[in-house]
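Me: I'd like to go through this one with you. Can you take my questions as they come?

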Amino acid sequence: MACRVHTGRRVRRAGFVCLRKETERLVQVLVRDNNVDQALRVLKKKMQREGVFREMKLRRNYEKPSERRAREKAEAVRRYRKLMRKRMDREGY
């Protein structure tokens, strides 16, 4: 049984305890005309946009806090360098 909670509180349903953050949203997809294949494609696209697959990959194994900080810092450096490359192409300085 899934928990449908949008606040930061605990809820018990059918033996499960779920804790959801306020920023966390449930993904919903409508199935139209019994077209499940299209609904699955839409669901995958929404999950990809929200970064669910990336987060699942990161959570497969435990990541030490120091490793997490190093990874996040490297990602920030990559984003900054990409931004600078794009700015150089557009503005030329």
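**Patch, salt bridges and confidence**

Reply: Start with Leu 40: at 41% relative accessibility, Leu 40 counts as partly exposed. Note that this is a predicted model.

Me: Which helix is Leu 40 found in?

Reply: Helix α1, which covers residues 36–50.

Me: Which residues make the nonpolar surface patch?

Reply: Val 31, Val 36 and Leu 40 make it, with an area of about 250 Å².

Me: Zoom out. What is the secondary structure of the protein chain?

Reply: Three helices and two strands. From the N terminus the order is β-β-α-α-α.

Me: How many residues are in the protein chain, and what share is buried?

Reply: The chain has 93 residues, and 9% of them are buried. The accessible surface is about 9100 Å². Carbon and sulfur atoms account for 50% of that surface.

Me: What about contacts between residues at least 24 apart?

Reply: They make up 2% of the contacts between residues at least 6 apart in sequence.

Me: Where is confidence lowest and where is it highest?

Reply: Strand β2, residues 16–19, is lowest with a mean of 46. Helix α3 is highest, at 96. Residues 16–20 have pLDDT below 50. That stretch still has 18 contacts in the model beyond near neighbours in sequence.

Me: And what does the chain average?

Reply: A pLDDT of 82, with 72% of the residues scoring at least 70.

Me: Back to α3. How many residues does it have, and what is its reach?

Reply: α3 has 27 residues and reaches 38 Å from its first C-alpha to its last. That is close to the 39 Å expected at 1.5 Å a residue.

Me: What follows α3?

Reply: Gly 92, with a positive phi near 80°.

Me: Now electrostatics. How many salt bridges does a search of the whole structure find?

Reply: Five. One of them pairs Glu 75 with Arg 54, with the closest N and O atoms 2.5 Å apart. This pair links distant parts of the chain. Glu 75 sits in helix α3, residues 65–91, and Arg 54 in helix α2, residues 52–58. The two are 21 residues apart.

Me: Glu 75 and Arg 54: buried or partly exposed?

Reply: Glu 75 counts as buried because its relative accessibility is 14%, under the 20% cut-off. Arg 54 is partly exposed, at 48%.

Me: Which residue does Arg 71 form a salt bridge with?

Reply: Glu 63, with the closest N and O atoms 2.8 Å apart. Glu 63 counts as partly exposed, at 23% relative accessibility.

Me: Which residues are linked in a network of salt bridges?

Reply: Arg 54, Glu 63, Arg 71 and Glu 75.

Me: What about Arg 68?

Reply: Arg 68 forms a salt bridge with Glu 72, and the closest N and O atoms are 3.3 Å apart.

Me: Why are Arg 68 and Glu 72 separated by about one helical turn?

Reply: Because they are four residues apart in helix α3. An α-helix has 3.6 residues a turn, so residues three or four places apart point the same way.

Me: How accessible are Arg 68 and Glu 72?

Reply: Arg 68 has 39% relative accessibility, so it counts as partly exposed. Glu 72 is also partly exposed, with a relative accessible area of 35%.

Key: Residues numbered from 1 in each chain as written. Predicted model: local features only at pLDDT ≥ 70, side-chain atom pairs only at ≥ 80, totals over all residues. Heavy atoms only, no water. Salt bridge = Lys/Arg side-chain N within 4 Å of Asp/Glu carboxyl O. Buried < 20%, exposed > 50% of the residue type's maximum accessible area, 1.4 Å probe, protein only. Expected span 1.5 Å × (residues − 1). Patch = residues over 30% accessible without salt bridge, like charges linked within 9 Å, V, L, I, M, F, W, Y side chains within 5 Å. Areas by Shrake-Rupley, 256 points an atom, 1.4 Å probe, with all protein chains shown as cover. pLDDT = per-residue confidence, 0-100. Contact = heavy atoms within 4.5 Å.
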